[in-house]
Amino acid sequence: MNTIPTNTLILVVVLIVAVAAVAAWIVIQRQRSQRLRQRFGPEYGRAMDEFGGRTKAEAELRKREQRVARLNIAPLAPADAARFTQAWNALQGRFIDNPKGVVAEADHLVRELMVKRGYPMGDFEDRAADISVDHPSVVTTYRSAQAIAARDERGEADTEELRKAVVHYRTLFDELLEVKPTSAAPIAADPVPVHS
């Protein structure tokens, strides 16, 4: 009768378990990467470029998620949303007369809106990183608006670029202008008389 030596059998089992563990680890890593890629969109690629590879970029993106999860980011009350919308409409109306001033005002209004929602006001890169967690589709436009505003401060931006900056700020503004639902009490209907 042919029997497999115990040592060989143990080695085969250990190898099978090791291969299964490595395969499971690879699947989990791919799923995590896919989840981050889907959540962060273009910001995922930007992080890969900035941090020099997938491992460091994904660690940074997970760190952002954890940081933002600790923040108390809340939707606006309807009255605050109306006030911000009115301020934006007034700002936009002043663009023709003062495009340079309006870009600075738009940046200030977006920052004010972020503070009201609960975002911390660190440097620009910290703000952009925080926004990228819940609003990845607009963080690129925010970066573009900020770059144009910086060029404007140096006197290097023309009116068309300033218009683009305001449009970019508006995109972010609209995304951040989340209003919490009001809990309106149901209105009782007047009783309808029933005639027999």
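**Notebook: contacts and burial in a predicted model**

Entry 1. I began with arginine 151, which forms a salt bridge with glutamate 161, the closest N and O atoms being 2.7 Å apart. I took a salt bridge to be a side-chain nitrogen of Lys or Arg within 4 Å of a carboxyl oxygen of Asp or Glu. Arginine 151 lies in helix H7 and glutamate 161 in helix H8, so this pair ties together parts that are ten residues apart in sequence. Helices here are DSSP runs (H or I, at least four residues), as strands are (E, at least two), numbered from the N terminus. I looked up the exposure of arginine 151 and found it partly exposed, with a relative accessible area of 26%.

Residues are numbered from 1 along each chain as its sequence is written, and side-chain values use heavy atoms, with hydrogens and water left out.

I searched the whole structure and found 21 salt bridges. In one of them lysine 116 is joined to aspartate 80, the closest N and O atoms being 3.5 Å apart. This pair links distant parts of the chain, for lysine 116 is in helix H5 (residues 99–117) and aspartate 80 in helix H4, 36 residues apart. Lysine 116 is partly exposed, at a relative accessible area of 45%.

I then turned to glutamate 160, which forms a salt bridge with arginine 163, with 2.6 Å between the closest N and O atoms. Both residues lie in helix H8, three residues apart, about one turn of the helix. I recall that an α-helix has 3.6 residues a turn, so residues three or four places apart point the same way. Glutamate 160 counts as partly exposed at 37% relative accessibility, and arginine 163 counts as partly exposed at 38%. I also found one network, in which salt bridges that share partners join Glu43, Arg46, Glu50, Glu60, Arg64, Glu125 and Arg143.

How many aromatic pairs does a search of the whole structure find? I found three. Rings of Phe, Tyr and Trp (its six-membered ring) pair if their centres lie within 6.5 Å; planes under 30 degrees apart count as stacked, over 60 as edge-to-face and the rest as tilted. Tyrosine 142 and tyrosine 169 form an edge-to-face pair, 6.4 Å centre to centre with 65° between the planes. Tyrosine 142 lies in helix H7 (residues 136–153) and tyrosine 169 in helix H8 (residues 159–176), so the pair ties together parts 27 residues apart in sequence. I noted that both tyrosine 142 and tyrosine 169 are buried. Phe124, Tyr142 and Tyr169 form one aromatic cluster.

I located tryptophan 88 in helix H4 (residues 78–93). Is tryptophan 88 buried or exposed? At 0% relative accessibility it counts as buried. Leaving aside neighbours within four places in sequence, I found tryptophan 88 in contact (heavy atoms within 4.5 Å) with Ala106, Leu109, Val166, Tyr169, Arg170 and Phe173.

I found threonine 141 in helix H7, and at 18% relative accessibility it counts as buried. With neighbours within four places in sequence left aside, threonine 141 is in contact with His168 and Thr171.

The buried residues of H6 include Phe124, Arg127 and Asp130. What covers them includes H1, helix H2 (42–51), helix H3 (54–69), H5, H7 and H8.

I found glutamate 153 in helix H7, where it is exposed, with a relative accessible area of 72%. Glutamate 153 and lysine 100 are 53 residues apart in sequence and 8.7 Å apart in space, C-alpha to C-alpha.

Technical notes
Predicted model: local features only at pLDDT ≥ 70, side-chain atom pairs only at ≥ 80, totals over all residues. Buried < 20%, exposed > 50% of the residue type's maximum accessible area, 1.4 Å probe, protein only.
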